[in-house]
Amino acid sequence: MKIVAGLGFIDDYERFIQAGADEFFAGYVPYAWSRTYGTVIPLNRREVFTTHVQLGAFSELEILAKMMKHYGKPVHLTLNSLYYLPEQYAQITDLIRRCMNLGFHSFIMADPALILYVRENGLNCEIHISGEVGEENRPMLRMMQKWTPKRIIFHRKVPVADMKTMIRQLPSDSVDMEYEAFVLNELCQFNGAYCHSLHCDELGHICRIPYELGTLERGMDTAKVPFSDHQMLESTEISEPDEDGYLCGASGCGLCALWRLRDAGITHLKLVGRGNYSDFMERDIQNLRQALAILEDSGTEEKFIRRMRQQIFPQGCANQCYYGSE
């Protein structure tokens, strides 16, 4: 399985490669788009400019394209909005053509109408079906196959068992398809396909609002349980960040599920991190690379989890599990 890391700053590209990243995903929002549409009609749902979340200018894409040719590590550009105005489809395809001329050939898309528009306009780019589409079942994946996608990115809420079922029951002509799953950071209470919040500088992200999960039945004296209390490991020990403030998987972790993800047919692991501290992202990549090495050297799932805990979480983990024991 390959590591796909979020990239919000081109200076991190080489650094993250040295840490062990195989691929990257990044966003770019042209100034003309922001000037015309603001943040309420986003290009990729990450209209953030005060921190390193987006690539800031087309000149950065030009620099990054040259770095890609040198290092051979691809960068997938995100077009994650759930829908666009009719006038915007032609603008987006023009942007895709410009990026393809630089050397970018893979694009993450969430709007089915955009995917159809791109194909009908003859753009022979790689399409990665975004997790924001909300892949739920086999018929949905079969429908997407007519657009000849290169990769399916499963959204955060898909159980590993469902991924396995969907992958194994696709038609035989999908053998070259790639499958990506979330593995570190940005565990969210929402399914992106049904989330209409804005991720921008002007407003606080709704996913950052403190919340609790509890029963809706009146009169029941049931304690509310924080959403984060889903755990895979038997230990209830919860670790604290180190002196630098870092804790692997503090905002979402699927390392314990690596064995099951591999068995399900997952080929790529999504390490979310656009806007994260570069130092933390570097350590996340290193920890994920170490976990994959342990995975290859372990004969059983139990042995893998035990060794991974000893080497990566010796003081305990954050109990922010993506997949739990299911």
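**Asp 111 and its surroundings**

Leaving out residues up to four places away in sequence, Asp 111 touches Ser 81, Leu 82, Tyr 83, Tyr 84 and Tyr 89; here a contact means heavy atoms within 4.5 Å. Before going further, a word on the source: this is a predicted model, in which local features need pLDDT of at least 70 and side-chain atom pairs count only at pLDDT 80 or more, while totals for chains, interfaces and linings use all residues. Residues are numbered from 1 along each chain as its sequence is written, and side-chain values use heavy atoms, with hydrogens and water left out.

Asp 111 sits in the loop between strand β5 (106–109) and helix α5 (112–120). Helices (H or I, at least four residues) and strands (E, at least two) are DSSP runs, numbered from the N terminus. Asp 111 counts as buried because its relative accessible area is 5%; the cut-offs are under 20% for buried, over 50% for exposed and in between for partly exposed, with a 1.4 Å probe and protein chains only.

What does the side chain of Asp 111 reach? One partner is the side chain of Tyr 89, in a polar contact of 2.7 Å. Another is the backbone nitrogen of Ala 113, at 3.0 Å. A polar contact is a pair of N or O atoms within 3.5 Å; within protein, one must be able to donate a hydrogen and the other to accept it, and residues adjacent in sequence count only if both atoms are side-chain atoms.

At the other end of α5, let's look at Cys 125, which lies in the loop between α5 and β6 (126–129). Cys 125 is buried too, at 4% relative accessible area. Not counting residues up to four places away in sequence, Cys 125 touches Ile 96, Met 100, His 105, Phe 107, Met 109, Val 118 and Arg 119. The C-alpha atoms of Cys 125 and Thr 148 are separated by 10.0 Å, and these two residues are 23 apart along the chain.

The structure as a whole has 2 cavities of 30 Å³ or more. A cavity is a set of points, on a 1 Å grid over the protein atoms alone, where a 1.4 Å probe fits but cannot get out, and its lining residues have an atom within 4 Å of a point. Grid points are joined across faces, edges and corners, and the volume is the space filled by probe spheres set on the points. The second largest cavity holds about 60 Å³. Gly 27, Tyr 28, Leu 43, Leu 77, Thr 78, Leu 79, Leu 95, Ile 96, Cys 99 and Phe 107 line this second largest cavity, and the elements giving two or more residues to the lining are β2 (23–28), β4 (75–79) and α4 (86–102). By class, the lining has 8 nonpolar, 2 polar and no charged residues. In this scheme Ala, Val, Leu, Ile, Met, Phe, Trp, Tyr, Cys and Pro are nonpolar, Asp, Glu, Lys and Arg are charged, and the others, Gly among them, are polar.

Now for the wider setting. The chain has 10 helices and 9 strands, and 54% of its 326 residues count as buried. Of the contacts in the chain with a separation of 6 or more, 73% are between residues 24 or more positions apart. In soluble globular proteins, nonpolar side chains tend to be buried together. The largest nonpolar core here has 96 residues, and Phe 104, Leu 255 and Leu 258 touch the most other members. Helix α9 (278–296) gives the most to this core, with 8 residues. Such a core is a set of buried Ala, Val, Leu, Ile, Met, Phe, Trp, Tyr and Cys residues joined through side-chain atoms within 4.5 Å.

Ser 298 lies in the loop between α9 and α10 (301–312) and is buried at 7% relative accessibility. The side chains of Ser 298 and Arg 307 are joined by a polar contact of 3.4 Å. Beyond residues up to four places away in sequence, Ser 298 touches Trp 259, Lys 303, Phe 304 and Arg 307.

Conventions: On a 1 Å grid over the protein atoms alone, a cavity is a set of points where a 1.4 Å probe fits but cannot get out, and a pocket is an open set with protein on both sides within 12 Å along at least five of seven lines; lining residues have an atom within 4 Å of a point.
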